[in-house]
Amino acid sequence: MFLEQKIIIGSRNKLNNDKAVNEIRRRNPGANITALTLDLSSFKSVREFAQQIAESESKVDILVNNAGIPVVLGPPQETVDGYELHLGANYLSNI
């Protein structure tokens, strides 16, 4: 039995989301792919993304987290939730 595969991309940048979806569709016109906004430095955004998935999908078979904020020199930065940016986006948003 063949099960349809679906890809959902989450990214905080809508333009990059659209570029990725268009490139995948260009290479594979039959791809079932969509993109949703996801900012890992915001718990609100993570919850909204998760809610959208829960409402549209009966299950998630595979989840790939391939994102993060690199450590850069400069003044400390915080997430909108008040956590150090790297901790909030790279760790706390994924638990």
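Predicted model: local features only at pLDDT ≥ 70, side-chain atom pairs only at ≥ 80, totals over all residues.
**Salt bridges**

Let us start with the charged pairs. The count of salt bridges in the model comes to six, and three of them are set out here.

| Pair | Distance, N to O |
|---|---|
| Lys-6 and Glu-57 | 2.6 Å |
| Arg-26 and Glu-23 | 2.7 Å |
| Arg-27 and Glu-23 | 2.6 Å |

The side chains of Lys-6 and Glu-57 meet in a salt bridge. This pair ties together distant parts of the chain, 51 residues apart: Lys-6 belongs to the segment before strand S1 (7-11), while Glu-57 lies in the loop between H2 and H3. Lys-6 itself is partly exposed, at a relative accessible area of 41%.

Arg-26 and Glu-23 are three residues apart in H1, so about one helical turn separates them. Arg-27 and Glu-23 are four residues apart in the helix, which again means a separation of about one helical turn. Through shared partners, these salt bridges join Glu-23, Arg-26 and Arg-27 into one network.

How accessible are the members of that network? Arg-26 has a relative accessible area of 58%, so it counts as exposed. Arg-27 is exposed as well, with a value of 64%. Glu-23, with 30%, is partly exposed.

Tyr-83 sits in the loop that runs between helix H2 (43-56) and helix H3 (85-90). With a relative accessible area of 36%, Tyr-83 is partly exposed.

Finally, consider a residue in another loop. Ser-41 is located between strand S2 (33-37) and H2. Is Ser-41 buried or exposed? Its relative accessibility is 13%, and the cut-off for a buried residue is under 20%, so Ser-41 counts as buried.

What does the side chain of Ser-41 make a polar contact with? Its partner is the side chain of Asp-39, at 2.7 Å. Once neighbours within four places in sequence are left aside, Ser-41 is in contact with Thr-79, Val-80, Asp-81, Leu-85 and Ala-89.

Notes
Residues numbered from 1 in each chain as written. Heavy atoms only, no water. Helix = DSSP H or I, 4+ residues; strand = E, 2+ residues; numbered from the N terminus. Buried < 20%, exposed > 50% of the residue type's maximum accessible area, 1.4 Å probe, protein only. Polar contact = N/O pair within 3.5 Å; in protein donor to acceptor, adjacent residues only side chain to side chain. Contact = heavy atoms within 4.5 Å. Salt bridge = Lys/Arg side-chain N within 4 Å of Asp/Glu carboxyl O.
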